[in-house]
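Please look at the sequence and the structure shown here before reading the report.

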Amino acid sequence: MRCILLGSGTSTGVPEVGCHCRICRSQDRHDKRTRISLLVITDSGKRVLIDCSPDFRRQALSADIDSLNAILITHEHYDHVGGLDDVRTISWLRDLPVYGEEKVLASIRERLHYVFRKNPYPGTPRLTLHSVEPGVPFQIDGLTVEPIRVMHGTLPILGYRIGDMAFLTDVKTIGEEDLKKLEGVRLLFINGLRFRKEHPSHQTIEQAIEMSARLDNPETVLIHLSHHAPLHEELLTLLPSHIHPGYDGLEAVIENAEISIRDFVPHLSRAEYTYQDCGRIDYESALNLQRDLFTQAVDTKLEGHTPENTLLFCEHEPVLTLGKHGHEENLLLPEQLLKNRGIRLYHIERGGDITFHGPGQITGYPIFDLEQYGIGLRTYIEILEQCIIDLIAIFGLKGERSAGASGVWLDPDIPGRARKICAIGVKSSRHVTMHGFALNVNTDLDYFKLINPCGFSDRGVTSIAQELGREQDFILVKQQLEAIFRRNFGAL
């Protein structure tokens, strides 16, 4: 389990606005604290956010967060929920569950009324609210979470235990029975507002040290620190060895018998690619370009070096292409008649049968070294399909896979209704790919009457424009799709 402290400060953050104390003027990055949030990444890769502070957008960008499985909320105060609207860009394609007590969820419904009304404001986050109770464990994708009752002065709030880790923020007191639920915890995040001076609703650092001792001194990280706490460097000299002053970007890792505390470094080893929008380009020019890039990539690998990955987006003049295992009988008129209409047929090396490329269609050619991404060809095709599924979901369309047929379909299992919106056909050698996908955006679908698309005579084709009844901004759709490529391939 990895626990990344995104924000370590109290409700005002550090430095405070308008304050000129020595803490707020510190140039040490450890003393610059945004509001509290913790990202938990389990050993199975689940990402759970505890509290979503008003600084979440900044924190997510710093930590390179592009997906979450769930959000746990400790209580309704603004410094713990103020960033919920900022998850919209990672939760507008699928629901993101938010867990908290019912009174907290009611506060969220009121604060984000435009999200939860009958007709939500367009582009708002898709949040589903789930009520939890203290002492009653619940599951998130097989992960057990136990809510713990703690007191924030006179306000009852929740802490959370996940396996060997517990997160307690804004704690003033905790009952003996609830303290027992923390027995065996090996990593404890706990608030300590300032060193000694009492506060009506928060523990001091000294009291946090005492509570850690009552739990047999687990590795403990102090959070919710204010500008009244000592400087980070001073805390290092004042605290016992198992107590660590929290700071933005601290990462605590539980691995077997060891717990390590270190600086979080965003994952920088992703395989990158160069994106090139070729615009309207004739098919043969694009084919020669991708063949050149493909050959260069394969040769580079054979020389023992790492090739560059490239993603090409193109829009072609009308052509038909037939894959290496395609059947010419799926071309429904003689090739000479095609030529008379200015349409050329290309026999190419990709998989799949016959398909059409033309204006209003995004034809994508990823020249990717799959070994850099750590995936095989089947997984690669599934990710291509997922990119299209994610894109058309923005338009309210439900893309699906169809057994025994690559590409993305609408209503694939309904006889007479199945229609393909995106065709996929690829070639690979030495784990390097070429060819790719053809997504119908504003495509003239009459061209598909010249063929049995992808070899099917009993299924139709469609486009985003056909489904929505209006043409789409082609440039915007390309931008959205490329961003989805970055997300889906960057997460590998």
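The model is predicted, so local features need pLDDT of at least 70 and side-chain atom pairs count only at pLDDT 80 or more, while totals for chains, interfaces and linings use all residues. Residues are numbered from 1 along each chain as its sequence is written, and side-chain values use heavy atoms, with hydrogens and water left out.

Helices (H or I, at least four residues) and strands (E, at least two) are DSSP runs, numbered from the N terminus. The axes of α11 and α13, which are lines fitted to C-alpha atoms over the stretch in contact, with angles from 0 to 180 degrees between N-to-C directions, come within 9 Å and cross at roughly 135 degrees. The two helices are therefore oblique to each other, a term for angles that are not under 35 degrees (roughly parallel), over 145 (roughly antiparallel) or 65 to 115 (roughly perpendicular).

| Helix | Residues |
|---|---|
| α11 | 377–393 |
| α13 | 474–490 |

In helix α3 (residues 102–111), V104, L105, S107 and I108 are buried, meaning under 20% relative accessible area, with exposed over 50% and partly exposed in between (1.4 Å probe, protein chains only). These residues lie on the same side of α3, because they cover an arc of only 155 degrees around the axis, taken from the directions from the helix axis to the C-beta atoms.

P359, in the loop between β20 (354–357) and β21 (361–367), counts as partly exposed at 26% relative accessibility. P359 and E315 are 44 residues apart in sequence, yet their C-alpha atoms are 5.8 Å apart in space.
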